[in-house]
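Please report on the side-chain interactions in this protein. Cover charged pairs, the nonpolar core and the aromatic rings.

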Amino acid sequence: MAIKKFVQVIAKFEEDGKIIPLKVLWEDGRVFIIDRVLDMRPGVSLKVGGQGIRYTCRIQNKEVCLYYEAPKWFVEGKER
């Protein structure tokens, strides 16, 4: 079962208002650099609920969906 995992994100705010995520900071101190943002659009998480802007990102050669549900960021995490 998936859970909504809130994370800290370092992002760049462009002049036109676009938000570009750069790094994801995990609760245990790990930092994941976003290699590339592949797609950005309004989206819904069907696994854990919630909606906002869905960023499809490449992190360490894996595709990850990162959601900005103002004012928070989350990923679809695994329940422990």
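The report below takes these topics in turn.

## Basis

This is a predicted model, in which local features need pLDDT of at least 70, side-chain atom pairs count only at pLDDT 80 or more, and totals for chains, interfaces and linings use all residues. Residues are numbered from 1 along each chain as its sequence is written, and side-chain values use heavy atoms, with hydrogens and water left out.

## Salt bridges

The whole structure holds five salt bridges (a side-chain nitrogen of Lys or Arg within 4 Å of a carboxyl oxygen of Asp or Glu). One of them joins lysine 4 to glutamate 69, with the closest N and O atoms 3.2 Å apart. This pair links distant parts of the chain: lysine 4 is in strand β1 (residues 2–13) and glutamate 69 in strand β6 (residues 62–69), 65 residues apart. Strands are DSSP runs of E, at least two residues, numbered from the N terminus.

Glutamate 27 bridges to lysine 5 at 2.9 Å between the closest N and O atoms. Glutamate 27 lies in the loop between β2 (19–25) and β3 (31–33), and lysine 5 in strand β1, 22 residues apart. Glutamate 27 is exposed, at 58% relative accessible area. Lysine 5 is buried, at 17%. Buried means under 20% relative accessible area, exposed over 50%, and partly exposed in between (1.4 Å probe, protein chains only).

## Nonpolar core

The largest nonpolar core has 13 residues. Such a core is a set of buried Ala, Val, Leu, Ile, Met, Phe, Trp, Tyr and Cys residues joined through side-chain atoms within 4.5 Å. Val7, Val24, Tyr55, Leu66 and Trp73 have the most contacts inside it. Two or more residues come from each of β1, β2, β5 (51–59), β6 and β7 (72–78). β5 gives the most, with three residues.

## Aromatic rings

There are five aromatic pairs in the whole structure. Rings of Phe, Tyr and Trp (its six-membered ring) pair if their centres lie within 6.5 Å; planes under 30 degrees apart count as stacked, over 60 as edge-to-face and the rest as tilted. Tryptophan 26 and phenylalanine 32 have centres 6.3 Å apart and planes at 90 degrees, so this pair is edge-to-face.

Tyrosine 55 and tryptophan 73 form a tilted pair, 5.5 Å centre to centre with 40 degrees between the planes. Tyrosine 55 is in strand β5 and tryptophan 73 in strand β7, so the pair ties together parts 18 residues apart in sequence. Tyrosine 55 is buried, at 1% relative accessible area. Tryptophan 73 is buried too, at 9%.

How values were computed: Helix = DSSP H or I, 4+ residues; strand = E, 2+ residues; numbered from the N terminus.
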